[in-house]
Amino acid sequence: MSSGSKPSPRHRFSSSLSDLDVRIQDYGLVQLEDEVWLCGGHGDRYDQIRTCLILSLVDGRWRIFEQKMIHPRMRPVMVVDQGAVIVMSGVTSDVNSNTGCRDTQEVFHPLYSDGWAVEDIGEVEICHEVDTHVLNIDC
């Protein structure tokens with residue numbers, strides 16, 4: 001490497017990732033900087049999960065995020081907006097729901113939040129859409 005040249009970005013990431021060691025289905029997934037956040041879903045017994053697990057792409061290890069979401073969310077949609085992790089919708093068994101999807105989202109900003117904030121989003125049917133896309137993480 002000549003002086004002044006930068007190391008390739010792929011060298012800052014781990015070349016191997018640890019196993020999750022638990023089976024989770026119907027979760028949401030999003031990348032935030034050097035981490036992949038996996039939130040919600042359910043286990044083999046259909047126990048709904050309010051937890052997020054975070055995979056560090058730097059060391060390849062999973063950790064449990066200490067702040068649990070307010071509501072369990074199966075099949076949520078996740079996005080990152082201005083550094084905040086947003087977990088939207090998800091399946092609900094609320095008898096008053098017209099769509100079967102939650103009408104809220106939970107927001108956590110790693111720099112400014114000390115817990116998840118619940119916000120109303122209106123009822124949309126996004127929790128029933130099956131995504132068959134493959135997630136590619138640029139390493």
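In the predicted model, strand β5 (residues 77-81) is joined to β6 by five bridges, and the two strands run antiparallel. Strands here are DSSP runs (E, at least two residues), numbered from the N terminus, and two strands are taken to pair if DSSP finds at least two bridges between them. Within this pair, Val79 stands opposite Ile86 of β6. The two strands form a hairpin with two residues between them, and Gln82 in the turn has a positive phi of about 50°.

Residues are numbered from 1 along each chain as its sequence is written. Because the model is predicted, local features need pLDDT of at least 70 and side-chain atom pairs count only at pLDDT 80 or more, while totals for chains, interfaces and linings use all residues; side-chain values use heavy atoms, with hydrogens and water left out.

Strand β6 (residues 84-88) is mostly covered, with four of its five residues buried (under 20% relative accessible area, 1.4 Å probe, protein chains only). β6 also pairs with strand β7 (residues 104-108) in the antiparallel sense, over four bridges. Across this pairing, Val85 stands opposite Phe108, and Ile86 faces Val107 as its opposite residue in β7.

Technical notes. Buried means under 20% relative accessible area, exposed over 50%, partly exposed in between (1.4 Å probe, protein chains only).
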